[in-house]
Structures are given as C-alpha cells and as structure tokens.
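Have a look at the model first.

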Amino acid sequence: MLLTSVVIIIREVLEAALLISILLSMCRQLSVSQAWFKWGVLAGLLGSVLYGSQMGRISQMWDGVGQELSDATIQVLIYFCLLYSCRKLLFHLHSPHSKDTVLLWVMAAAIALAVIREGSEIYIYLSAFQQSSESRMGLYSGSAIGLGIGFSFCALFYYWLLSFSSRRAVLLGCGLLTLVAGGMVLQGCKMLTQADWLPDGQTWDSSSLLPEDSLPGQLLYAMMGYEASPSPAQVAIYAAAILLMLASLLLSYWRGARSQSALTSDTE
C-alpha cells in the first residue's frame, strides 16, 4: 500500500505541479503579479473535495458516462486556458509594462481546474481505503511521500526556469505548456473514447518499449499525456491541438516582435 500510494499520488500531483511551476516562473520573469496563484489553488482544493464527493452522482449522469464527459470538459477548458495564457505572456515579453487582469483570472482558472481534476482523484483514492485500519498507515505515509516528491519537483522546475533569461524562460515555458496542453487534449479524447463519443482503435502499441505504469511512463503521462496505445482519433486530435497552439503562439510572438520593432523605430 505504501509504494502504491506513492506512485498514485506522484502521478496525480506532477501534472498540476508542472503547470504551477511553469506559470509561476514565467510570471516571475516578466514581473507579472502572482496573486492569482493562491486563489487558483484555494478554489482548486475546495472544488476537488466537492467534485470528488459528488463523483458517484456525476458518474450516473448522461447515461452513465458523466465522469468521462466532465473529465474531458475539464481537460479541454485547461487547454484553452493555457493557450490564452501563453499568448498573453508572449505579449508581456514585448510589452513588459502592460497590465492584463483577464490573464490573471485565466491562469487562476487553469490552476484551479488542474487541481480539481487531480485533487478529486486523490480524494477518491484516500476515501476508498481510509476505512481499512490495516492499510491506513501505508496509505497516509505513501500519500505524504508522494506529495513531498511532487512539491519538490515543482520547486526544482520553478528555479530551473528562473535560471534562464526572461526571453528563453518564456519561450521554453510556452513550449512545455504546449506539450502539457496537448496532453490534456489527449487525455480528454481518451475519456470521450471510453464514453463511446469517439471511435476506438489502436494506432500503435509502445507498451513493450515504455509501459505506462513505469516511472518514465508516469512522468511522460504527467508532462504530455503519454499513452502506449492511442486510437487514430486521439492521435489526430492531439496533433491538431499541438499545431493550433504552436501556430497561435508563433503568430503572437511575431506580432509582438513586430510591434516592438515599430515602437522602437518611432521613438528613434
């Protein structure tokens, strides 16, 4: 139970920790207010308890696929929140003195949704086994270790991004968030496939090379939604989501650089 709890908690914590560390480091580099962070985490923690406690009722909705559809909806919302946040942070890279209240709320929403999704899974897992006195010690000890590892990863990643210049940190952060956002869409597609809203199938099977339950597989799952045997629909939608975000970010970067160049020319 101890080892199982450690692995499960790490898997659930890493994804939200990765989002938090990247967004916080980018805001720190660009001198953007970080006040949104505490409200996003607080809303996420409260929402995760509420969402997790009502999962039984949610699962019965929409002909028994309520959990899959609600989970997919959360994933898609996070994707669009990250798309908006990255575009605006790239704008701040070229216009560091601009203020954008909407950006702060969107980043808070992204964190809140990520914490709700991952936190509800942890809540359900702890609720399922806490009644057993034999496994309670291993359950809580493993959960504490998993949380510590997840938060440590968040801190290390945060300071690693701060070691770069502002431009490199923002560009690297946007690239990483593109992979995370694409992974969100991939996981959402998996839920829709389970709900029979998307066709099933198998494009390839890499489980023999990199099993999903291995440590590298768990890390890749948290970072980019790795799945050993995705369906053709999942691969197509994942590729479209990545290309859409890359094209949008490249366009935003180009426009920002062009505006900055024009402003510099006017001042000279």
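Reading along the sequence, you get α-α-α-α-α-α-α-α-α-α: ten helices and zero strands, where helices (H or I, at least four residues) and strands (E, at least two) are DSSP runs numbered from the N terminus. The radius of gyration is 20 Å, close to the 18 Å that the globule rule gives for 268 residues, so the chain is as compact as a globular protein of that length. That radius is taken over C-alpha atoms, and the rule is 2.2 Å times the number of residues to the power 0.38.

This is a predicted model: local features need pLDDT of at least 70, side-chain atom pairs count only at pLDDT 80 or more, and totals for chains, interfaces and linings use all residues. Residues are numbered from 1 along each chain as its sequence is written, and side-chain values use heavy atoms, with hydrogens and water left out.

Now for a helix pair, α5 and α6. Axes here are lines fitted to C-alpha atoms over the stretch in contact, and angles run from 0 to 180 degrees between N-to-C directions.

| Packing of α5 (residues 66–94) with α6 (residues 101–129) | Value |
|---|---|
| Angle | about 150° |
| Axis distance | 9 Å |

The residues of this contact divide into 16 nonpolar, four polar and four charged.

Last stop: Ser25, which sits in helix α1 (residues 2–29). Is Ser25 buried or exposed? Ser25 counts as buried because its relative accessibility is 2%, and buried means under 20% relative accessible area with a 1.4 Å probe, protein chains only. The Ser25 side chain reaches the backbone oxygen of Ser21 at 3.0 Å. Leaving aside residues up to four places away in sequence, Ser25 touches Tyr158, Leu161 and Leu162, contact being heavy atoms within 4.5 Å.

Key. Ala, Val, Leu, Ile, Met, Phe, Trp, Tyr, Cys and Pro count as nonpolar, Asp, Glu, Lys and Arg as charged, and the others, Gly among them, as polar. Buried means under 20% relative accessible area, exposed over 50%, partly exposed in between (1.4 Å probe, protein chains only). A polar contact is a pair of N or O atoms within 3.5 Å; within protein, one must be able to donate a hydrogen and the other to accept it, and residues adjacent in sequence count only if both atoms are side-chain atoms.
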